[in-house]
Amino acid sequence: MASDHSVELIVRDNCGSCVRVQAQIEPVLAAAGIDLVVSNVDQDPSLKIEFGDRVPVILVDDEEFACWEVDNDELAKALL
């Protein structure tokens with residue numbers, strides 16, 4: 001069953017933490033039936049203004065859920 005939630009990961013080029021967080025949360029999202037949307041601040045000037053170097057940022061339903069680090073259990077609960 002697909003979830004009604006949306007999850008977006010804000011990243012930038014050459015960001016090791018971004019790659020790590022994406023790999024960390026993908027199993028949680030797969031279990032919840034959610035496709036991850038990845039947006040890159042280096043390719044979107046409006047995102048760069050909003051987030052700058054403050055990445056990775058996880059948005060759940062367009063609201064900031066976590067920045068830099070994420071707890072998979074908390075994320076799973078938020079997606080119920």
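Visitor: Before we start, what are the ground rules?

Guide: This is a predicted model, so local features need pLDDT of at least 70 and side-chain atom pairs count only at pLDDT 80 or more, while totals for chains, interfaces and linings use all residues. Residues are numbered from 1 along each chain as its sequence is written, and side-chain values use heavy atoms, with hydrogens and water left out.

Visitor: What makes S3 and S4 a pair of strands?

Guide: Strands here are DSSP runs of E with at least two residues, helices are runs of H or I with at least four, and both are numbered from the N terminus. Two strands pair if DSSP finds at least two bridges between them. Strand S3 (residues 57-60) and strand S4 (residues 63-67) are joined by four bridges and run antiparallel, so they pass the pairing rule. One example is Ile 58, whose bridge partner in S4 is Ala 66.

Visitor: And what joins S1 to S3?

Guide: Four bridges again, with the two strands antiparallel. Glu 8, for instance, has Leu 59 as its bridge partner in S3.

Visitor: What sits between S3 and S4 in the hairpin?

Guide: Two residues separate the strands, and Asp 61 is in the turn. The phi of Asp 61 is near 55 degrees, a positive value in a residue other than glycine.

Visitor: Why is Val 57 called buried rather than exposed?

Guide: Buried means under 20% relative accessible area, exposed means over 50%, and partly exposed is in between (1.4 Å probe, protein chains only). Val 57 comes out at 0%, so it counts as buried. This residue lies in strand S3.

Visitor: How do you know which faces of S3 are covered?

Guide: Look at the residues on each side: Val 57 and Leu 59 on one, Ile 58 and Val 60 on the other, and all are buried. That is what puts both faces of S3 under cover.

Visitor: Why is Asp 61 called partly exposed?

Guide: Its relative accessibility is 33%, so it counts as partly exposed. Trp 68 gets that label as well, at 48%. Trp 68 is in the loop between S4 and helix H3 (72-78), and has a positive phi of about 75 degrees although it is not a glycine.

Visitor: How do you know that Arg 12 forms a salt bridge with Asp 42?

Guide: The rule asks for a side-chain nitrogen of Lys or Arg within 4 Å of a carboxyl oxygen of Asp or Glu. For Arg 12 and Asp 42 the closest N and O atoms are 2.8 Å apart, so the pair qualifies under that rule. The pair links distant parts of the chain, 30 residues apart: Arg 12 is in the loop between S1 and helix H1 (16-32), and Asp 42 is in the loop between strand S2 (36-40) and helix H2 (45-51).

Visitor: Which salt bridge does Arg 12 make with Asp 53, and how exposed is Asp 53?

Guide: The side chains of Arg 12 and Asp 53 meet at 2.6 Å, N to O. These two are 41 residues apart, with Asp 53 in the loop between H2 and S3. At 63% relative accessibility, Asp 53 counts as exposed. Arg 12, Asp 42, Lys 48 and Asp 53 are linked in a network of salt bridges.

Visitor: What makes Glu 64 and Arg 54 a salt bridge?

Guide: Their closest N and O atoms are 2.9 Å apart. Glu 64 is in strand S4 and Arg 54 in the loop between H2 and S3, 10 residues apart. Both are partly exposed, Glu 64 at 43% and Arg 54 at 27%. By the rule, the count comes to five salt bridges.

Visitor: Which peptide bond is cis?

Guide: The one from Val 55 to Pro 56, with omega near 0 degrees. Pro 56 is found in the loop between H2 and S3.
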